[in-house]
Amino acid sequence: MTAYGRRAWIVLWKDLLTERRSKESLNALFFFSLLLLFLFQFALGPDRERLQAALPGLLWLGFVLAGLLGLGRVFIAERDNDCWEGLLLTPGDKSAIYLGKLLANFVLMTVVEVVLVGLFGVFYNVDLWGVLGPLAVVLFLGTVGLSAVGTLFAAMTAQVRARELLFPVLLLPVQVPVLLATVSATQIVLGGQPLAEAASWLKLLAGADVVYLVIGLLTFEFILDA
Amino acid sequence: MITAAGLRKSFARTPVIDGVSLEVPAGTCLVLLGPNGAGKTTLLRILATLVRPSSGSLTVAGVDALRSPEAVREAIAMVAHGSYVYEDLSALENLRFWATMGGHDASEGRLLAALSQVELEAVAHERARTFSSGMKRRIGLARVALGRARLLLLDEPFTGLDRQGRKWLSEFLLAFKGGGGAVVLATHSFEGALGVADRIAILAGGRLVLDQPAADLSRDDLRRLYDDLTEGSPR
């Protein structure tokens, strides 16, 4: 493995190990997701048609809100004991840190999404087995987009005082292309249509992912240094 | 190792470092003394390339550190107020993380040897959350021992260390100097300073008001000079 790869890997390893031990984000995210499900259930009532139409939006609203909670915390551990300063002083390409953090966020968000999708199926009596494959493709591309841009903005706002306010204000407008594409693609997939029907949305999603990833990798060093 | 000339830094138009010039050759230790707010930490952060000065020049290990900060960071190790320790990782895991990030050999034997050097091998697998601030500071020094740094910057390193820890730290710094490394140490501890310093500098109001060989100064001389030179400066 190259030095770059080792650096990205050790950041991923450190973040996941820290989360496994502290369970700070995962516990909060699970309870938050559960609360969302109850709220949506109360808001929409038992009308199955309305539920079917709203389900893709609700699903991604749940992911985004959970993501706002989880992604915003990703650099908080670096502020304790001035670890941020230590990262700045490490030699080599700093984008390895971004990549490691992004992968850690991707893993955490995927865990939350798997549980949330399962609970959605149970709560709203939706048979997801038949569409699991295509849904996984949409979830993968959407989660990459959310993690890429979320990790970057989390780094940007980690050192500012009003970060809890700034983080969603900055993040949500930038996530619009990802959300638009994922909700539309999810609607097609949950409607039982083949994945090819969602090809144009998936292309938009993949394009947005690549753009966010490249911007993140290229700008992270300046953000860390700022 | 370090050549700095005319360093200036202002925050919101208030000068914090005001025309500081200094030279720290390899194999020597410069101790920075000064009251609170004198600019010691800011000067250390400038030398570490963490803060860019408003003007002046800085060369570290023969490289222009203001033009190419990234190129000199491999030569720099810093033990600052924060210990760079992750609370939910063990001592060994912390070292593994920083050794890998620094591009160094992170084999377990080497990490344990570094922990043994700072007398923490018995708690290698315990989480840092349970450690005292002195123990975390030792992890920071073990991190330095693992790297290839030639310039060591320390901010109040004697804080939180017991008598044995202070003695151990002095020995560590002498060994680092002996290996050809340069040390810049900011402290309030006169005893600790005189034990390791080759030169002593006093910073007051952002200016270097004294820079003398430590061998020329007794503890009493130093106290008298310190009181005279820092009188009236903000504390």
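Me: Which residues does A:Thr157 touch, not counting residues up to four places away in sequence?

Reply: This is a predicted model, in which local features need pLDDT of at least 70, side-chain atom pairs count only at pLDDT 80 or more, and totals for chains, interfaces and linings use all residues. Residues are numbered from 1 along each chain as its sequence is written, chains are lettered from A and ligands numbered from 1 in the order in which they are written, and side-chain values use heavy atoms, with hydrogens and water left out. Contact means heavy atoms within 4.5 Å. With residues up to four places away in sequence set aside, A:Thr157 touches A:Arg163, A:Leu166, A:Phe167 and A:Leu170.

Me: Is A:Thr157 buried or exposed?

Reply: A:Thr157 is found in helix α7, residues 132-157 of chain A. Buried means under 20% relative accessible area, exposed over 50%, and partly exposed in between, with a 1.4 Å probe and protein chains only. The relative accessible area of A:Thr157 is 4%, so this residue is buried.

Me: How many helices and strands are there in chain B?

Reply: Helices (H or I, at least four residues) and strands (E, at least two) are DSSP runs, numbered from the N terminus. In chain A they come to 10 helices and 0 strands. In chain B there are 8 helices and 10 strands.

Me: What is the radius of gyration of chain A?

Reply: The radius of gyration is taken over C-alpha atoms, and the globule rule is 2.2 Å times the number of residues to the power 0.38. For 226 residues, a compact globule would have a value near 17 Å. Chain A agrees with this, at 18 Å.

Me: What share of the residues of chain B count as buried?

Reply: In chain A, buried residues make up 50% of the 226 residues. Chain B has 235 residues, and the share that count as buried is 55%.

Me: How much area is buried between chain A and chain B?

Reply: The size of an interface is often given as the accessible area lost when the parts come together. Buried area here is the accessible area (1.4 Å probe) that two parts lose on being put together, summed over both. Contacts join 28 residues of chain A and 28 residues of chain B. Carbon and sulfur atoms give 62% of the buried area, which is about 2,500 Å².

Me: Which residues in chain A lose the most area to chain B?

Reply: Three residues together account for 27% of what the chain A side buries. They are A:Arg21, A:Asn81 and A:Leu89.
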